[in-house]
Amino acid sequence: MSSTKLNVDGIMLFEEPFVRVPYENYRKVFRTSQRNIEKDMGALQNAATELEKRWSAGASDTDDAVKAVEGMIGKVENLKRKLSELHATSGKPTQEVMRQRLKYLAQVETMQSSDSHEFSEWADTRLDRWLVDWCLRKGKERTARSIADEKNIQRLVDIDLFSDIHRIEAALEGHSCSEALAWCSENKSALRKAKSTLEFDLRLQEYIELCRSSKSLEAIAYLKKHLVSWQDTHLAQIRHASALLAVTPETKSTGYKRLYDVTRWKTLVQAFRLAVYNLNTLPTEPLLHYALSAGLASLKLPACYDPSSQNVDCPVCDASLGQLAQEVPFSHHVNSTIVCHTTGKVMDEDNAPMAFPNGYVYSREVLEDMAAKNDGIVTCPRTNYICEYSALRRVFIS
């Protein structure tokens, strides 16, 4: 039982982004609600204070007071309607996603063994999630949606998040910062807490494009409005960029030529995606890659790269997966596991290792089957050495 006992803590290491994404989405909904309440309630409070002053001074009669109160009631009802719509369109669906994801993770805590049918089904769903994640990161959104619909795991994957990422990246690739700046505005506090410079980089790029178009007056106005406020942390960059007002894109100066380089847009795309990943605690590589690396590292042995000792059931011994495994370290086993060269099965007390007189070892199961078919004669698959089954000796591992 110990070998098949679930390592719940190990499983949960992969699942932080799984819960964090809807959590961050709900934080956005909460902040939007909070802003609406602060804005409208502030206006109501000011209106109530003004009404009280006018009433105390005798400058307002009953009809004016009633109209003012009715106006305030209308504003409260309007606020209630906005909050209800926000909850219905964003808040409640996000809560359902969080509820379903937490319920999915909670199932693991009730499972005792990795050999159970329940865990097998749970792991199949996890693999489907990872495949969708891989498709989304590679821009294959239609394939991702198809898998999610077929497996009914729409709430367990982040299609909407990556759809938004691709939309903004497409705008950046088209040399437009507007969409990315709008995203920065929505996540301003989180980006500030993470000390992200994405907004500054986007503002700097918009300023560079104004200079490229020889719109000097607009560039100066933009510099004062959007870049000067960053002088405490980016003064050197701002000073350097200011000289673009007198430098054309055809300059030979390396420093200014670098600012005018159009490849900066590709850098912005990468910076934007990294900011989104950091905000949602998403790894920079697909989860499928991490899972493959962990699995291959646990199986990789020097014998996997020796053609004479490769195992037909070992993923690392496979030509394609073995190529991927070259980048991961060899596994570390406190206790050795002996695997039959012919069947790929583990040799233990129930399927003991048996040695030919020439020293080659195979599992008792395969040798007994060979002897039964050949009147007690067995042949070494690798050397063609022939002997009677009785000449074999059991191997004991100390």
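Helices are DSSP runs of at least four residues, numbered from the N terminus. The structure described here is a predicted model.

The domain assignment of the protein gives four stretches: domain 1 covers 8-115, domain 2 covers 160-280, domain 3 covers 287-325 and domain 4 covers 335-397. Taken over C-alpha atoms, the centres of domain 1 and domain 3 are 50 Å apart.

Rolling a probe the size of a water molecule over the atoms shows where empty space is left. In a search of the whole structure, 1 cavity of 30 Å³ or more was found. The largest cavity holds about 160 Å³ of space. Its lining is made up of 16 residues, and those nearest the centre are R129, D133, L156, D158 and L287. Two helices, helix 2 (16-56) and helix 4 (117-137), each supply at least two residues of this lining. The most is given by helix 4, with 6 residues. Sorted by class, the lining of the largest cavity contains 11 nonpolar and 5 charged residues, and no polar ones.

An open sheet of 3 strands was also identified, with the order 2-1-5 and antiparallel pairing. Strand 2 (361-363) and strand 5 (393-394) are the edge strands, each pairing on one side only. Strands of a sheet pair through backbone hydrogen bonds, either parallel or antiparallel. Strand 1 (residues 353-355) and strand 5 run antiparallel and are joined by 2 bridges. M354 has R394, in strand 5, as its bridge partner. Helix 16 (residues 364-373) lies across strand 1 and strand 2, and runs at about 85° to strand 2.

Technical notes: Residues numbered from 1 in each chain as written. Predicted model: local features only at pLDDT ≥ 70, side-chain atom pairs only at ≥ 80, totals over all residues. Heavy atoms only, no water. Domains from an automatic or database assignment. 1 Å grid on protein atoms, 1.4 Å probe; cavity = no way out; pocket = protein on both sides within 12 Å on 5 of 7 lines; lining within 4 Å. Points joined across faces, edges and corners; volume = space filled by probe spheres on them. Nonpolar A, V, L, I, M, F, W, Y, C, P; charged D, E, K, R; others polar. Pairing = 2+ DSSP bridges. Contact = heavy atoms within 4.5 Å. Axes fitted to C-alpha atoms, helices over the stretch in contact; angles between N-to-C directions.
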